[in-house]
Amino acid sequence: MSTSAVHSLWTTAATAADPIAKIDAPKIEYGQLSPVLIVLGAAIIGILVEAFVPRRSRYYAQMFVSAVALIAAFAAIVALAAGGYGTTKAGIAAMGAVAVDGPALFLQGTILLTSLVGLFTFAERRLDPEQHGNRVDSFAAQAAAVPGSESEQKAVKAGFTTTEVFPLLLFAVAGMLVFPAANDLLTLFVALEVFSLPLYLLCALARRKRLMSQEAAVKYFLLGAFASAFTLFGIALLYGYAGSMSYGMIAKVVDGTVQNVTPALADTMGNDALLLVGSALIVMGLLFKVGAVPFHMWTPDVYQGAPTPVTGFMAAATKVAAFGALLRILYVVLPGLRWDWRPVMWGVAIVTMLAGAIVAITQTDIKRLLAYSSIAHAGFILAGVIATTPEGISSVLFYLAAYSFVTIGAFAVVTLVRDAGGEATHLSKWAGLGRRSPLVAAVFAVFLLAFAGIPLTSGFSGKFAVFKAAAEGGAAPLVVIGVISSAIAAFFYIRVIVLMFFSEPRPEGPTVAVPSPLTMTAIAVGVAVTVVLGVAPQYFLDLAGQAGVFVR
């Protein structure tokens, strides 16, 4: 039989079975998805830059592409918010996969701004002394070279730099933008992987202390893989329970308000074990990303081992994305399970606040101290999550915005204090820093006071908002424990300030490097946000209040 005859038979069969021939094209709202698409497009351009641009020009090309993309994506968020997509026009885009609403836009805007500030610390090249006449950054000269090997020495001599960190940063940001906006479980999981994998790689790329950096990356990767597996298993169980991946549909099945119950769905709906175990596993995966106790064990090691610019970016942006996703799961998918998850989250929040604050007192490394501090802050933010009121949502949004800039600023200051071996992160080396470099010590003191929640800093406004929401939501005992934890935490923050200003500087102590305008900008933005949100927070609290309504 000739091929034309076969072809005509096939087309006749297709037209006879008309419904099969007509597959609806997916309807994608590109305008509403533009922030994510801009960042992903720039990440792909970054890979092409690595392939085609000469080595000496790559750094500037990557820096330019990344900065333009993040600014353009933020402009797109502002345009969407101005167009009412955060309030009246909020809806579900991309065939039910992504929600475009107030919390999503607010968190995406926060992630983009913190990533832009983080990008400046990534691009810093003036802190280390020049090597073989070339300026160097915080990242390994050649990531594939074995630490200490001949090939690594050759790469350093040739002045190689790992400019791949810029597209990796953009891929991570793209995943983080989708994560808090995901409206079905599959999108949630894909976004989780898209932002986690670049972070595992970035953690392994430190120029100094490379073995420690690689150890941190392996720990993060293995524990992160466990957390992802738990999340995926939870997704499978919830799908088995509700017969759908969509948040809205699962919420209806949980509430019992679902229409058209098929016999198969009626069978699984009666099985609460699927619902409870599935929800617990998904929430567990998100609590791992947030760094809540008892899923926090990776945090201090990874924060200490990763290159400091990566630590700052990760500490700020990952928390924002993960809390956004956690809020959406608890408030949109599982409000019908509130009486089951609230007591568990109470326990997690209490243990997280106390463990973070108490263990931080024993730390002698500044990066580990900030890691335990971030664990304590995860507990404070969870107090707002537990409120289960609109004020709870808006207070968490505000706290995340305030916290992320303080964190990036604090880690940017850590990159400046150096000795012969690179960054001097041991606390004993910070003694007398206030006499040697009053400005740097004063700026770091402002960040520490904000972490401690001292009035007239953004930390105080954030904690006040979260604790107020928790108290009004019936979680007053939690607020008491939060205040006690804050008092414990204030002890070690103020101890560092005392060490810097009231100790004698050591003769062999570290020096403070003079950064380029990039790191200066990152630190200045951190200080400005800390002061503005502390002195005049009302506008931003109102903004978070307007953005605090999830679309269902």
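**Salt bridges**

I started at D101, which is buried at a relative accessible area of 0% (buried is under 20%, exposed over 50%, partly exposed in between, with a 1.4 Å probe and protein chains only). This is a predicted model, so I kept in mind that local features need pLDDT of at least 70 and side-chain atom pairs pLDDT 80 or more, while totals for chains, interfaces and linings use all residues. Residues are numbered from 1 along each chain as its sequence is written, and side-chain values use heavy atoms, with hydrogens and water left out.

I looked up the partner of D101: R328 forms a salt bridge with D101, closest N and O atoms 2.9 Å apart (the cut-off is a side-chain nitrogen of Lys or Arg within 4 Å of a carboxyl oxygen of Asp or Glu). R328 sits in helix α14 (residues 308–333) and D101 in the loop between β2 and α5 (102–122), so the pair ties together parts 227 residues apart in sequence. Helices here are DSSP runs of H or I with at least four residues, strands are E runs of at least two, and both are numbered from the N terminus. R328 is buried too, at 1%.

Next I checked E150 and K154, whose side chains meet at 3.6 Å, N to O. They are four residues apart in helix α6 (residues 150–158), so about one helical turn separates them. I noted E150 as exposed at 55% and K154 as exposed at 54%. Shared partners also join D128, R208, R418 and E423 into one salt-bridge network. I get 16 salt bridges in the structure.

**Helices**

I went to α12 (residues 272–290): 19 residues, 27 Å from first to last C-alpha, close to the expected 27 Å (1.5 Å times one less than the number of residues). At its start, a side-chain oxygen of N271 comes to within 3.2 Å of the backbone nitrogen of A273. Just after α12, G291 has a positive phi of about 85°.

I then looked at α19 (residues 438–452), where the end C-alpha atoms are 21 Å apart, in agreement with the 21 Å its 15 residues should span. Its buried residues include F444, F447 and F451.

**Sheet**

I traced an open, antiparallel sheet of three strands in the order β4-β3-β5 (strands pair if DSSP finds at least two bridges between them). The edge strands are β4 (422–423) and β5 (511–512), each pairing on one side only. Two bridges join β3 (residues 417–419) to β4, and D419 has G422 as its bridge partner in β4.

Note on methods:
A polar contact is a pair of N or O atoms within 3.5 Å; within protein, one must be able to donate a hydrogen and the other to accept it, and residues adjacent in sequence count only if both atoms are side-chain atoms.
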